[in-house]
Amino acid sequence: MRTRTSSTPAIVGSPARRDRVRRVLRHPVLVHSAGGVFVLWAVATLTFFAVRLIPGDPAQAVLGGPGSQASPEALAAVRAEYGFDQPLFVQYLRELGRLATGDLGRSYALNMDVAPLLLAQLGGTLTLALLSLAVAWLLALALATWSTQGGRAARAFGSGLEITAAALPHFWLATALIIVFSTGLGLLPPISVPGPVGLILPVLTLAVPLAGFLGQIMRESFEAALESPFVLSARARGEGELGIRFVHVLRHAALPAVNLSGWAFGSLISGAVVVETIFARPGLGRTLLNAVTVRDVPVVIGVVLIVALAYIVMTLATDLAGAALDPRGKRA
Amino acid sequence: MSELEVQATLSRGERERRRGRGRVTPFELLAVVVALFLLVAGLMPGLLAPGDPLGIDPNAAFGPPSAAHWFGTDESGRDIWTRVVHGAGTSLLIGFAATAIGLGLGLVLGTVAGMLGPVVDFSVNRLLEVLFAFPGLLLALLFILIFGPGVWTATVAVGLSAAPGYARIIRGQLIAVRRSAFVEAATVLGRTPRQLLVRHILPNTLAPLFVLGTLGVGQAIVWASALSYLGLGAQPPAAEWGAMLSAGRTYLTTAWWMSFFPGLVIVLTAVAATVLGRAIERRARYA
């Protein structure tokens with residue numbers, strides 16, 4: 001969704017300068033960034049108040065839950081340290097102030113700061129997600145190119161393959177891949193070892209279902225573009241079928257899939273929770289799952305904020321890429 | 001965008017490509033068979049598998065698929081076929097309940113946004129934008145963090161994560177219907193806003209929800225079983241597909257059937273829901 005500011009603040013200066021300032025203020029990157037900051041603030045606020053709904057004393061949670069039988073003195077000390085004795089509104093403002101400086105607080109369970117903990121995990125998850133996105137794109141593109149060249153049977157087969165792939169749950173696909181390639185053929189490690197070999201199965205697990213979604217969208221727009229006049233004229237000029245697909249059709253066909261990549265990235269991050277757990281791969285997803293299981297509130301909030309930030313950046317990137325691919329939407 | 005919106009877009013393309021009723025494809029026939037099987041298994045599991053899904057038999061532990069145990073047995077000798085059949089009820093119940101929650105919330109948000117003027121529309125849209133920043137399972141995980149794991153929290157969590165997607169589709173549909181000629185005509189004829197909403201707008205907005213609901217149930221079942229797989233939904237030894245798959249994880253090298261068959265049913269259910277949703281969409285008469 002594109003947010004647009006309808007009113008521009010009053011700007012002083014010459015008309016030419018005013019025009020320039022206005023153009024800068026309406027620049028898509030700026031408008032999107034402002035929207036992104038709003039979403040981040042709202043996500044932080046929502047999570048802050050949502051976790052207050054957790055029944056029980058938060059100081060108790062810091063000290064290891066109700067079973068830990070912490071002394072009243074220890075509880076009071078934790079309350080003072082974390083500011084739980086302050087009014088809710090003060091706690092909220094303090095939290096926002098901390099978050100604004102990049103301080104994500106301290107983990108209850110791991111006794112370390114959340115920001116460096118998550119920063120160390122971020123790289124692995126981003127590598128996994130971006131690599132999967134790329135592989136999914138390649139798979140979808142290959143399938144769309146191939147199935148639109150064949151006859152009706154190829155199309156039906158391609159469509160069936162895509163629907164099935166899109167419906168495969170990550171946890172089942174990962175299990176099936178491990179059964180076939182690790183325990184069956186002994187080719188690949190069942191858990192993720194460092195290095196590229198350990199990435200193959202996790203990336204395939206995330207990429208195949210996504211390729212199913214992207215492939216359906218791509219084939220649809222491929223077919224629409226193949227019937228357009230510019231393809232007819234390219235054929236009349238005697239260009240080959242494969243050349244037509246890559247030179248003329250791809251740009252049109254890729255557009256809807258590019259627009260979907262923001263969503264795709266989000267679903268990959270959520271899929272990473274499952275995949276990292278199954279393949280015992282360090283990353284944000286596994287950290288999140290562990291934190292939810294032991295109710296480590298600051299870690300969960302930290303992951304949620306980082307994912308929201310990554311999602312916002314990715315949406316901005318796909319919007320800009322879409323605008324670059326399709327100059328028709330550009331305003332004069 | 002949400003997964004549901006992607007699905008809805010895809011099935012709409014299906015309708016545009018192949019207008020008219022058309023004949024039943026083999027794929028669709030298969031989907032109907034799977035759906036019927038699930039319904040029978042969900043309503044009368046004893047008919048398909050008379051055994052006890054929780055009954056243990058240590059002598060038969062880790063048995064591979066055979067004539068006596070079609071899908072093999074698990075670590076306590078429980079029959080996997082029986083458990084898969086009895087798990088259908090749980091999964092269907094979760095799927096339908098989560099979809100009802102998501103659809104209900106989405107309907108309220110979408111109707112409010114589409115009917116109550118630009119200020120409300122703007123606010124609801126910003127709220128949806130914020131909710132979309134919790135992609136996929138993230139909103140569900142946050143909900144489970146607050147209310148603790150379990151079948152019912154997982155169900156509500158899945159419904160909650162699906163709600164923003166429903167809301168946005170319903171809002172779009174509502175606005176499209178409001179602008180259509182027959183609503184304009186009814187307005188000119190002097191219908192009150194209430195009559196307009198109840199008699200003309202809502203019925204035409206709700207028709208596409210059958211497609212959405214069908215697609216949504218399949219997706220909800222997959223998500224709920226993912227949560228169970230992660231240990232946040234149904235707990236073993238409950239006969240729930242995701243929990244069964246998770247229990248089989250430890251014995252992957254020695255007893256692959258423990259994971260394979262529950263997973264196969266999940267995949268079949270998800271594919272059947274997608275195919276059925278599209279089949280309905282293709283035959284639908286609404287605009």
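1. Helix H5 of chain A, residues 88–100, comprises 13 residues and extends 18 Å from its first C-alpha to its last, close to the 18 Å expected at 1.5 Å a residue, where the expected span is 1.5 Å times one less than the number of residues. Helices here are DSSP runs of H or I with at least four residues, and strands are E runs of at least two, numbered from the N terminus. H5(A) is hardly covered, with a count of one buried residue among its 13 residues; a residue is buried if 20 or more other C-beta atoms, placed from the backbone, lie within 10 Å of its own, exposed if 12 or fewer, and partly exposed in between. Just after H5(A), A:Gly102 adopts a positive phi of about 85°.

2. On provenance, this is a predicted model, in which local features need pLDDT of at least 70 and side-chain atom pairs count only at pLDDT 80 or more, whereas totals for chains, interfaces and linings use all residues. Residues are numbered from 1 along each chain as its sequence is written, while chains are lettered from A and ligands numbered from 1 in the order in which they are written.

3. Chain A holds 13 helices and zero strands. Its radius of gyration, taken over C-alpha atoms, is 25 Å, well over the 20 Å that the globule rule gives for 332 residues, so chain A is more spread out than a compact globule; that rule is 2.2 Å times the number of residues to the power 0.38. The C-alpha trace spans about 85 × 75 × 30 Å along its principal axes, and 37% of the 332 residues count as buried.

4. The largest nonpolar core has 161 residues, of which A:Ala140, A:Leu214, A:Val300, A:Val303 and A:Val304 touch the most other members; such a core is a set of buried Ala, Val, Leu, Ile, Met, Phe, Trp, Tyr and Cys residues joined through C-beta atoms within 7 Å. H11(A) provides the largest share of this core, 16 residues.

5. The contact between the chains draws 47 residues from chain A and 39 residues from chain B, two residues being in contact if their C-beta atoms, placed from the backbone, lie within 7 Å. On the side of chain A that touches chain B, H11(A) gives the most, with 10 residues. By class, that side has 33 nonpolar, 12 polar and two charged residues, where Ala, Val, Leu, Ile, Met, Phe, Trp, Tyr, Cys and Pro count as nonpolar, Asp, Glu, Lys and Arg as charged, and the others, Gly among them, as polar.
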